[in-house]
Amino acid sequence: MMLRQDLERTMLPPAGAPPVRWRVSNGQVPYDEAVSLMEAEVASIAAGEADELVWLLEHPPLYTAGTSAESGDLIQPDRFPVFQTGRGGEYTYHGPGQRVAYVMVDLKRRRQDVRAYVAALEEVIIRTLDAMNVKGERREDRVGVWVQRPERPPLPDGSVAEDKIAALGIRIRKWVTFHGLSINVDPDLDHFSGIVPCGISAYGVTSLVDLGLLVSLSDVDVLLRQAFEEVFGATVAV
């Protein structure tokens with residue numbers, strides 16, 4: 001039986017709703033091309049002309065600036081292309097070895113609650129990590145999903161060292177979501193040094209491979225889809 005807290009972290013559609021389209025792109029998709037496709041898909045979903053969509057991809061190395069980005073957090077502005085984006089949040093890095101999932105779902109068909117939607121995305125990440133015996137955790141004072149690193153020296157305040165393993169950034173138009181989440185599978189972690197990731201300098205960034213897991217993007221895709229279906233409902237490959 002599903003517990004109350006589990007129900008609060010789901011965004012299941014009404015009975016009989018069509019499955020969410022599930023698309024995986026091979027190779028690296030240019031960022032501006034991805035944004036253009038998302039814009040078109042969101043318009044079609046909002047108009048009732050298309051079913052919801054999750055799009056999994058990789059980008060070439062780049063930085064994106066969310067609506068709360070501070071210029072001082074872009075440490076190396078000439079290192080990679082920088083894209084201004086309408087999603088919430090600050091600076092993020094995308095690049096090879098990172099699984100990006102752009103999530104385009106209609107909250108009018110589910111629950112018109114932005115906080116619940118963000119919690120559901122976090123839940124998808126946490127369940128995906130849990131399937132690999134990695135304990136991902138939420139933090140009330142910072143976005144994303146975090147893992148503790150007790151093997152490292154504690155932080156100055158005495159708390160356990162932590163690294164970010166997954167990021168969130170969303171935008172909503174006419175109650176249809178876009179942008180989404182990213183999970184660090186095996187990116188070049190040095191690429192994050194050109195920014196202050198999400199405006200948070202006190203903590204590090206890690207990946208599944210950095211944690212010692214020999215996994216590929218396709219391995220993670222299987223678990224990510226399973227977790228998504230538990231939280232958001234059925235999918236169909238397109």
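Predicted model: local features only at pLDDT ≥ 70, side-chain atom pairs only at ≥ 80, totals over all residues.
## Nonpolar cores

In soluble globular proteins, nonpolar side chains tend to be buried together. Here the largest nonpolar core has 37 residues. Those with the most contacts inside this core are V54, Y117, L121, L129, L208, F228 and F232. Two or more residues each come from the strands β1 (20-28), β2 (53-58), β6 (98-104), β8 (142-148), β9 (162-173) and β10 (176-184), and from the helices α3 (114-130) and α4 (217-232). The element that gives the most is α3, with eight residues.

F232 can be followed in detail. Beyond its neighbours within four places in sequence, F232 is in contact with M11, L12, P13, V105, R110, Y117, A120, L121 and V124. A second, separate core has 16 residues, among them I45, W55, V100 and M104.

## Helix α2

Helix α2 covers residues 31-46, 16 residues in total. From first C-alpha to last, α2 reaches 22 Å, close to the 22 Å expected at 1.5 Å a residue.

Which residues of α2 are buried? They are Y31, A34, M38, E41, V42 and I45. These residues lie on the same side of α2, because they cover an arc of only 105 degrees around the axis. Just after the helix, G48 has a positive phi of about 75 degrees.

## The second largest pocket

The second largest pocket holds about 160 Å³ of space. Its lining includes I126, R127, D130, A131, V134, K135 and G136, as well as L223, Q226, A227 and E230. Both α3 and α4 give two or more residues to this lining, and the largest share, four residues, comes from α4.

Notes:
Residues numbered from 1 in each chain as written. Heavy atoms only, no water. Core = buried A, V, L, I, M, F, W, Y, C linked by side-chain atoms within 4.5 Å. Buried < 20%, exposed > 50% of the residue type's maximum accessible area, 1.4 Å probe, protein only. Contact = heavy atoms within 4.5 Å. Expected span 1.5 Å × (residues − 1). Arc of directions from axis to C-beta. 1 Å grid on protein atoms, 1.4 Å probe; cavity = no way out; pocket = protein on both sides within 12 Å on 5 of 7 lines; lining within 4 Å. Points joined across faces, edges and corners; volume = space filled by probe spheres on them.
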